[in-house]
Amino acid sequence: MLRIESRSSKTASRRHSRPRSVGRPRKKHAYVLIDSLRARCRSLSESVVDCEHSQQVELAKQAEEQAQLSLQRELERKKAALPEEPPADAPNAVCLGFQLRDGTRLMRRFRLDSPMQIVYDYVDTHQAQFKSGSYVLVANYPRRTYRDTSITIADSGIHTDEVLFLSEL
């Protein structure tokens, strides 16, 4: 027996073989969509973090520039406040030498009645290794440290030409 099917019966059988969820997204597609949305959210949050980090870096750079400008102004102020160097034949003058950490040697005459702060200001204006106040001036032999900046050079015990070294605190 030969069976002959009509065209209408074929379309009817196809209709029944289709899945019922044709118009709705499948669960698998929903999970893929959720995963892609999560990935997009992660990338956006990373972009926000990167943006915040770059802003923090920029603020840090600005703060560093401000600190450098402030330090430069302070050094210029100290340099302008230094008294003139007394002549070589002045009776109440002493010649001090300074050995910096990088090997540089400085020489300058100071009046004996000048405060030690002037000596520290002079060293501050010529060296960049230490911040102001982060070192002390030291005589090598006999070993003496000059920490008190309010007394005069003569009161600190310096009466002849001397070489001073910088020592970190």
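Reply: Within it, Val 138 has Phe 165 of β5 as its bridge partner. This is a predicted model, where local features need pLDDT of at least 70, side-chain atom pairs count only at pLDDT 80 or more, and totals for chains, interfaces and linings use all residues. Residues are numbered from 1 along each chain as its sequence is written, and side-chain values use heavy atoms, without hydrogens and water.

Me: What makes two strands a pair?

Reply: Strands of a sheet pair through backbone hydrogen bonds, either parallel or antiparallel. Here a pair needs at least two bridges found by DSSP. Strands are DSSP runs (E, at least two residues), as helices are (H or I, at least four), numbered from the N terminus.

Me: Which strand pairs with β3 over three bridges?

Reply: Strand β4 (residues 144-146), in the antiparallel sense. A hairpin of four residues joins β3 to β4. Leu 137 stands opposite Tyr 146 in β4.

Me: In what order do the five strands lie?

Reply: β2-β1-β5-β3-β4, an open sheet with mixed pairing. β2 (105-111) and β4 are the edges; each has a single partner strand, so one side of each lacks a neighbour in the sheet.

Me: Is β3 mostly covered or uncovered?

Reply: Covered: five of its five residues (135-139) are buried. Buried means under 20% relative accessible area (1.4 Å probe, protein chains only); exposed is over 50%, partly exposed in between. Tyr 135, Leu 137 and Ala 139 point one way, Val 136 and Val 138 the other.
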